[in-house]
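Me: I am new to this structure and would like a close look at a single part of it. Please take the salt bridge, and set it in its surroundings.

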Amino acid sequence: METTQLEGLISMLFVLGILVLLVLPSAIGIVRDRRIDRQLREAEQGHREDQKSSSKPTEPSTATWYAEGRRSKKLVSS
């Protein structure tokens, strides 16, 4: 292998290495987003199945009750 071919090979590997370094964070982010979307979808489906299986109505939590009270007070005072 001649010197010019070796320099060309090294340059090509260097450019490919830089390309990988630029694309890798984006690819990792896409994979992470898809995993999170899948987990959210599975949780939503599980939540729907839980709601269908329970026949009794659920009571709102204290935090929900408090937040709704705060909203209604803001509407009245405005």
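Predicted model: local features only at pLDDT ≥ 70, side-chain atom pairs only at ≥ 80, totals over all residues.

Reply: Buried residues make up 0% of the protein's 78 residues. The protein has two helices and zero strands.

Now to the part you asked about. The structure contains one salt bridge. It joins the side chains of R38 and E42, with a distance of 3.9 Å from N to O; the cut-off for such a pair is within 4 Å. Both residues belong to helix α1, which covers residues 3-53. Because R38 and E42 are four residues apart in that helix, about one helical turn separates them.

As for accessibility, R38 has a relative accessible area of 40% and is therefore partly exposed. E42, at 47% relative accessibility, is partly exposed as well. Partly exposed here lies between the 20% limit for buried and the 50% limit for exposed.

Conventions: Residues numbered from 1 in each chain as written. Heavy atoms only, no water. Buried < 20%, exposed > 50% of the residue type's maximum accessible area, 1.4 Å probe, protein only.
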